[in-house]
Amino acid sequence: MVTLQNKALDKEIRFDREIGRFGRGTTGPTLIFFGGVHGNEPSGVFALHDLFNDLARIQPDMSGRVIGLAGNMTALAQGRRFIERDLNRLWHREQIHNIQKGKLNGGRTIPDVQEQVSIYDILHHILQTEKGPFYFVDLHTTSAESIPFVTLNDTLRNREFAMRLPVPIILGIEEFLSGPLMSYINELGHIALGFEAGSHDALQSITNHYACSWLVLEAAGLLKREDIPDFQRHYDTLHEQSNDGDHVFEIRFRYHRTEHEHFEMRPGFRNFQEIRSGEWLATNDKGKIYARENGRIFLPLYQKQGEDGYFIIREIHPVWLKVSAFLRRYHFDRLLKYLPGITIDPENPHRFRTRRSIARWHVVDFFHLLGYRRAGTTKQYHYFVRRAYDTEAP
Ligand SMILES: [Zn+2]
């Protein structure tokens, strides 16, 4: 059990790993929420606590079930993002393999890894015992002030699901992060989104998480719109804050902050704020850091812990979203191997590689259109792999 207090709301909650569960019958779908995967982001836990209280009181007629899970409970209890390791960067293939083989060695004593193993066990128990389709939503907040938004791995199935929420969507964050929980779940073949509600301490973030959770209950088909009290109010709550509405953005650049780097963002950047190439964004030990290209600043770092200094994002025109859906559905990627400059990786037949010396960004954009993600870059080559379960469930 962990106890959390919210002074502004004069509220105290107590919860276990399973914050709540509601639903009847033996059919799917099953919707799983995570809250507090980062321990300094209690907003999602408060919202889920409210959601399950309300479901118990209202007793709506639900098809399938919803389960709320707490993330890094040790870190939540201490109000820190993590203790030693970021729980949302631990879900890469090698670590999963070690968990499965029981080969965590020294990692076993790290509190965040213990949290991961506990979540891994519960997650796979749910996947084995409950009925699909499975939907996952991970509730987060940001250190900078922000409007609510969704992040996702760019599969068509994720896109379609996310479009049900009236907030901006950011595609392809997994190319820049190693081991987020939702990417791991995506690779298992399930729909998975991150929902960022606003800044860590804003009460509005709890309201946004709560609104999002009701909208997702409808989008996943667990509840009908008319069975949700105040559905329209929840929709409007998110819609009104999203001056960028249904716009979709892609990540162009990530500033990677090294462990001992003294990195400081210039104060006052809001998430999604427009920036110009050459604009002074931050300072580190070596001096000023300037924007590489035009775009919008995304997730500027205003806290001590975290390895992403900031990202630069750019809007994708809706036409390109349609084009990419078309190309993927009709498997245009079968033609890739015939194109100049693109070869199958001799070491891995499921991977393409391109020489970095040929027009860099257009190649990356082209692969993105076809549902590929950049899986690595060396001095000479970019590597690309197709995202699994892009258009169809496993
Ligand atoms: Zn977070």
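Strands here are DSSP runs of E with at least two residues, helices are runs of H or I with at least four, and both are numbered from the N terminus. Two strands pair if DSSP finds at least two bridges between them. Highlight E264, whose bridge partner in β13 is T283.

A word on what you have loaded: this is a predicted model, in which local features need pLDDT of at least 70 and side-chain atom pairs count only at pLDDT 80 or more, while totals for chains, interfaces and linings use all residues. Residue numbers run from 1 along each chain as its sequence is written.

Next, select the strands of the other sheet. Eleven strands form this open sheet, in the order β3-β5-β4-β6-β9-β7-β8-β10-β16-β15-β12, with mixed pairing. At its edges you will find β3 (18–24) and β12 (274–275), each of which pairs on one side only.

Now zoom in on β4 (residues 30–35) and β6 (residues 134–142), which are parallel and share six bridges. Click on I32 and you can look across to F136, its bridge partner in β6.

Helix α1 (residues 43–58) packs on it and touches β3, β4, β5 (64–70), β6 and β9 (191–199); contact between two residues requires their C-beta atoms, placed from the backbone, to lie within 7 Å. The direction of α1 makes about 35° with that of β3. Axes are lines fitted to C-alpha atoms, for helices over the stretch in contact, and angles run from 0 to 180 degrees between N-to-C directions. Helix α4 (residues 111–129) also packs on the sheet, touching β4, β5 and β6, and its direction makes about 175° with that of β5.

Moving along, select β9. Eight of its nine residues are buried, where buried takes 20 or more other C-beta atoms within 10 Å of a residue's own, exposed takes 12 or fewer, partly exposed lies in between, and C-beta atoms are placed from the backbone. Seven bridges join β9 to β6 in parallel, with V137 standing opposite L193 of β9. Strand β7 (residues 149–152) pairs with β9 in the antiparallel sense over three bridges, and V150 has F195 as its bridge partner in β9.

Then show α1 and α7 together. Their axes come within 8 Å and cross at roughly 50°, and the two helices are therefore oblique to each other (under 35 degrees counts as roughly parallel, over 145 as roughly antiparallel, 65 to 115 as roughly perpendicular and the rest as oblique). To see the contact, pick S43, G44, F46, A47, L48, D50 and L51 in α1 with S205, I206, H209, Y210 and S213 in α7.

Where do they meet? Select T207, N208, A211, C212, W214, L215 and E218 in α7, and F231, H234, Y235, T237 and L238 in α8.
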